[in-house]
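Morning, everyone. Let me put the model up, and then we go through the strands and the domains.

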Amino acid sequence: MTHFTGDVVVIGAGIIGAACSYRLAEAGFKVTVLEQDSSPATGSTARSAAGVRVQFQERVNIELSRISIEEYRCMKDADLREIGYLMLVPEERWEAHEKGIALQQSLGLPVQALSPLEAQQILPFETHDLVGCSYCPTDGAVDPHGITFHYLREARKHGATLHVDTRVTGIRHQQGIWTLSTSKGTFQAPVVVNATGAWAREVGEMCGLDVPITPARRMVFCTGPLEETHHFPMTFDLKSGVWLRSEGQRVIFGRANPSDSGFRTTLDWDWLEPTLEAAFDRFPWFEKLHLDRKASWYGHYEMTPDGQAILGRMPGVAGWFNACGFSGHGVMQAAATGRVIAQEVLGQELLVNIDPLRIDRFAHATPLREDIQV
């Protein structure tokens, strides 16, 4: 079998792995990217609802998203559409949400606190059991596929190599070198970046590392084309968990099922009815729409115990870096993550303080708690 060596092996060629590969190669490392599928961006990246927002409660998440969105804004391949994000907030969640708005505004972000009546000027909805809303007009949606391939092209310009159809089957660490056995040969490097998303736990287990990530299936349902022109922002009902946004002439929507975990590989049509019931209750006009089953899809989130990413070096394990566990935030935080991981490998001062997202937070019982778990 062929034997490859380099400075860094990045496992996973989704949007996170691509961003990390680009920034590491740009920094001068000889980078190898391994992807188990036949093409990059075919896993969770390709099946994302593609939203990007700065509306988080924790500063680290706000900063990762803010920096990433700014980078996407300058990237033609990102196709950033600033359609806005509208959050509908019930009374029991308003106090925590309001604190998040204050932090976002203190960082110079154009997030607005609105009354339910004011928010209805953006999108019609039922206001019962809601006390407030928040809206950021510069949040929106991007093209994850375009971003991923942009980063991989840039990585190649700096000497990175990509190996597709290359499944990692074994990993060992000896004398400061990681050896990865794969379906296409053996790869060696002193540094490994685990950017495998929903597969990150399995990859860690190959070398005895515990990366607490569970795959979770998420449905994205799609309507048929609407007759009337509409511009619905990405809208979250924090009471029911229903979300929706415009996608061209259609509307896409969904709702997380907290009990749906594991690598199930079909759309869960049984989850459509409870999703629609919640949507009808908040958005009565939804009943006039019809579903396009062929245009609907599913994907996998990479869920951690607190629903936040795992970033940075693995404590006590030389040369292992995690960039995974984003729990639905990967697309919106990929650009900044690539920069931070490269800085972490180099031992430089980090663009964003990622201490709250390091894996040892679970050992210390200090997980993050975001107001929005979608």
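Start at phenylalanine 4: its bridge partner in β12 is phenylalanine 187. This is a predicted model, where local features need pLDDT of at least 70 and side-chain atom pairs count only at pLDDT 80 or more, while totals for chains, interfaces and linings use all residues. Numbering starts from 1 along each chain as its sequence is written, and side-chain values use heavy atoms, with hydrogens and water left out.

Back to the strands. β1 and β12, residues 185-189, pair in the parallel sense over three bridges. On terms: strands (E, at least two residues) and helices (H or I, at least four) are DSSP runs, numbered from the N terminus. Two strands pair if DSSP finds at least two bridges between them.

Where does that pair sit? In an open sheet of four strands, in the order β1-β12-β11-β10, with mixed pairing. β1 (3-5) and β10 (168-174) are the edge strands, each pairing on one side only. From one strand to the next, the twist averages 20°. Axes here are lines fitted to C-alpha atoms, and angles run from 0 to 180 degrees between N-to-C directions.

Next, β2, residues 8-11. Which way do its side chains point? Val8 and Val10 go one way, Val9 and Ile11 the other, and all are buried. Buried means under 20% relative accessible area, with a 1.4 Å probe and protein chains only. In general, side chains in a regular strand alternate between the two faces of the sheet.

β2 has parallel partners. With β3, residues 31-34, there are four bridges; valine 9 has threonine 32 as its bridge partner there.

β2, helix α1 (residues 15-26) and β3 form a right-handed β-α-β unit. Right-handed means that, with the strands pointing away from the viewer, the path from the first strand over the helix to the second runs clockwise.

Now the domains. The domain assignment, automatic or from a database, gives domain 1 as 3-46 + 144-211 + 306-362 and domain 2 as 84-138 + 214-303. Their centres, taken over C-alpha atoms, are 30 Å apart. In contact, meaning heavy atoms within 4.5 Å, are 13 residues of domain 1 and eight residues of domain 2.

Last, the record. An unreviewed UniProt entry places "domain: FAD dependent oxidoreductase" at residues 7-343. UniProt positions follow the numbering used here, feature names are shortened, and annotations may be inferred rather than shown by experiment. That span is 27% helix and 28% strand, and its end C-alpha atoms lie 15 Å apart.

Note on methods: Buried means under 20% relative accessible area, exposed over 50%, partly exposed in between (1.4 Å probe, protein chains only).
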